[in-house]
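I set out to look up how the chains of this assembly meet. My notes are kept in the order in which I consulted the structure.

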Amino acid sequence: MLNPLHDNLIIEAAAAEQATASGIILHNAGEEKPAQGTVIAVGPGKLLENGTRAPMTVKIGDSVVFKKYSPDEVKIGGKEFLVISEADVLAVITK
Amino acid sequence: MLNPLHDNLIIEAAAAEQATASGIILHNAGEEKPAQGTVIAVGPGKLLENGTRAPMTVKIGDSVVFKKYSPDEVKIGGKEFLVISEADVLAVITK
Amino acid sequence: MLNPLHDNLIIEAAAAEQATASGIILHNAGEEKPAQGTVIAVGPGKLLENGTRAPMTVKIGDSVVFKKYSPDEVKIGGKEFLVISEADVLAVITK
Amino acid sequence: MLNPLHDNLIIEAAAAEQATASGIILHNAGEEKPAQGTVIAVGPGKLLENGTRAPMTVKIGDSVVFKKYSPDEVKIGGKEFLVISEADVLAVITK
Amino acid sequence: MLNPLHDNLIIEAAAAEQATASGIILHNAGEEKPAQGTVIAVGPGKLLENGTRAPMTVKIGDSVVFKKYSPDEVKIGGKEFLVISEADVLAVITK
Amino acid sequence: MLNPLHDNLIIEAAAAEQATASGIILHNAGEEKPAQGTVIAVGPGKLLENGTRAPMTVKIGDSVVFKKYSPDEVKIGGKEFLVISEADVLAVITK
Amino acid sequence: MLNPLHDNLIIEAAAAEQATASGIILHNAGEEKPAQGTVIAVGPGKLLENGTRAPMTVKIGDSVVFKKYSPDEVKIGGKEFLVISEADVLAVITK
């Protein structure tokens with residue numbers, strides 16, 4: 001299991017067809033893959049200068065769109081996940 | 001539905017003819033499209049170092065002009081929207 | 001009407017002949033147009049880290065000289081205006 | 001023995017086969033080696049502007065994935081270790 | 001009359017012969033003109049994050065040497081002046 | 001005698017053979033010389049924004065590994081020393 | 001007389017032979033001249049965000065080594081001096 005640090009999120013990227021089905025697709029400039037996925041793990045929050053942590057807005061299970069030009073990719077059990085900072089999440093998708 | 005994070009806004013870009021009709025057109029240096037549109041969703045505000053959020057000035061329904069050199073674009077139900085930070089909004093248009 | 005955000009100003013650029021008449025001309029390095037004009041709208045002020053806004057110094061009607069390498073330009077009713085940050089205003093002209 | 005300063009960590013990089021066995025592999029863009037390893041020493045924490053140190057999250061023995069484009073390498077007794085800042089650790093691996 | 005904003009100064013540049021006469025000449029790397037002159041107007045001071053203004057050190061009439069790689073130039077009644085930030089003043093010349 | 005300012009350290013670089021004998025060698029990317037040495041003088045600490053100095057961690061006599069891409073070099077009595085900031089010290093070597 | 005602003009120092013550079021005689025020579029990467037000299041004037045200190053000035057460490061008469069890649073040079077009565085920030089002083093030389 002991966003426990004993110006700081007304000008990092010572990011994201012399962014949406015397959016192209018899933019993203020299309022949801023009706024929401026985010027295109028980053030010059031990128032082909034929709035930058036959309038499901039949050040599977042959430043860090044404790046960014047440490048502020050006063051020593052406390054900024055609360056996280058995103059929760060496990062959230063469907064998110066994000067900007068991330070070259071995300072770090074991590075494979076767990078042969079499956080690929082992305083690690084992104086919450087600062088790069090643009091919006092949470094709700095129904 | 002898209003719920004923006006941080007100080008992000010979801011913007012429906014004005015069509016070229018609409019922008020012209022309103023009599024207000026913003027040209028960014030080296031860009032063809034008028035950077036103008038209607039706010040359809042507003043984030044909770046940027047988190048400050050003291051742990052509180054800066055209040056947002058822009059409201060849903062506001063007509064705004066903005067500077068945004070390469071905005072993130074997101075498609076919802078086949079329709080394209082822009083995601084921009086309120087920091088990149090130059091002014092709100094009122095009558 | 002344009003209501004600027006942050007510390008933005010809407011500026012009506014001085015015509016070349018007007019600028020010359022006033023006897024004050026500002027030349028930015030490598031630019032032809034005098035960077036001078038009249039303030040027609042003033043934002044609420046830059047938000048500080050403590051959550052308050054820095055008061056604006058410039059007022060509507062002020063004649064200002066400014067440095068602005070590639071100002072955002074906005075057309076209202078066919079007339080062109082500039083949007084600049086008060087941080088780029090160098091001085092206010094008084095008689 | 002190496003006692004890291006600031007928020008530095010001494011990391012024993014996972015061998016390629018070990019990383020594969022754990023089922024977790026992190027690929028940084030444009031890098032071949034899995035950026036994964038075991039923490040063997042932990043610094044006292046980054047000094048904040050208020051004069052206190054930010055507590056470290058990572059502990060000795062933790063298995064971590066990290067982003068580090070050109071880590072400093074140090075040889076101790078012929079064996080190679082990495083020195084990275086905790087800010088570059090993405091997640092801690094648990095079972 | 002020009003009333004500078006922020007920590008700006010209006011400077012009347014010393015003529016080459018004047019600068020030589022005073023016996024003090026500042027050469028910036030790669031520049032021919034002595035970066036020396038007399039202060040003719042002083043801004044209210046830079047706004048600090050706590051909302052107050054930093055007091056200005058330089059006064060009207062001061063003779064100053066400054067570093068300024070490409071100062072903004074402004075013409076008033078056909079005479080040329082420089083606008084520089086007090087942060088770029090190196091020293092005040094006294095007798 | 002050299003009394004360092006700020007958080008600077010005067011370092012006597014380890015000779016290549018000494019570094020090898022200690023069994024600890026740090027290689028910076030693209031550098032040949034082991035970045036290791038002995039601290040011979042310690043500055044008073046970096047001045048923080050609140051006006052106090054951050055305490056130094058490193059002491060005279062400490063054996064340190066550091067990253068320093070192009071350290072300032074100073075010769076005292078024909079012998080060469082390095083001047084580096086404590087921020088560039090990675091770890092202290094103990095037995 | 002030159003009265004430096006901010007944390008600036010007026011430095012009389014050591015002649016090459018003097019620097020050699022003192023037995024201390026600082027070589028900056030890619031520079032020929034020893035970056036060493038005597039302090040002849042000291043500024044009031046850098047203004048901090050809380051409105052106070054950071055005290056200066058260096059005093060008039062101090063012999064200092066400094067890093068300064070392209071120092072501003074000022075001629076007083078035909079004699080050349082350097083203007084550098086105390087932040088660029090590496091150490092004070094004492095006997």
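**Entry 1: Basis.** I noted that this is a predicted model, in which local features need pLDDT of at least 70 and side-chain atom pairs count only at pLDDT 80 or more, while totals for chains, interfaces and linings use all residues. Residues are numbered from 1 along each chain as its sequence is written, chains are lettered from A and ligands numbered from 1 in the order in which they are written, and side-chain values use heavy atoms, with hydrogens and water left out.

**Entry 2: Chain A against chain B.** I took contact to mean heavy atoms within 4.5 Å. By that rule, 24 residues of chain A touch 20 residues of chain B. I then looked up the buried area, that is, the accessible area (1.4 Å probe) that two parts lose on being put together, summed over both. Between chain A and chain B the buried area is about 1,800 Å², and carbon and sulfur atoms give 54% of this. For polar contacts, I required a pair of N or O atoms within 3.5 Å; within protein, one must be able to donate a hydrogen and the other to accept it, and residues adjacent in sequence count only if both atoms are side-chain atoms. The interface of chain A and chain B has 9 residue pairs in polar contact (both at pLDDT 80 or more). On the chain A side, β3 (24–27) and β8 (89–93) are the elements that give two or more residues. β8(A) gives the most, with 5 residues.

I read strands as DSSP runs (E, at least two residues), numbered from the N terminus, and counted two strands as paired if DSSP finds at least two bridges between them. β8(A) runs antiparallel to β1 (residues 2–4) of chain B, and 3 bridges join them. A:A91 has B:P4 in β1(B) as its bridge partner.

**Entry 3: Chain A against chain D.** Here 20 residues of chain A are in contact with 24 residues of chain D. The buried area is about 1,800 Å², with 54% from carbon and sulfur atoms. In chain A, A:L5, A:E49 and A:D72 lose the most area to chain D, together 31% of what that side buries. I found 3 bridges between β1(A) and the antiparallel strand β8 (residues 89–93) of chain D. A:N3 stands opposite D:V92 in β8(D).

Why do the copies, chain A and chain D, meet through different surfaces? Only 10% of the interface residues of chain A are also interface residues in chain D, so the surfaces differ.

**Entry 4: Salt bridges.** I defined a salt bridge as a side-chain nitrogen of Lys or Arg within 4 Å of a carboxyl oxygen of Asp or Glu. How many does the structure hold over all chains? The count is 14 salt bridges over all chains. Between chain A and chain B there are 0, and between chain A and chain D there are 0. One salt bridge joins the side chains of E:E12 and E:K79 (3.0 Å, N to O). This pair links distant parts of the chain, 67 residues apart: E:E12 lies in β2 (residues 8–13) of chain E and E:K79 in β7 (residues 79–85) of chain E.

Methods. Helices (H or I, at least four residues) and strands (E, at least two) are DSSP runs, numbered from the N terminus.
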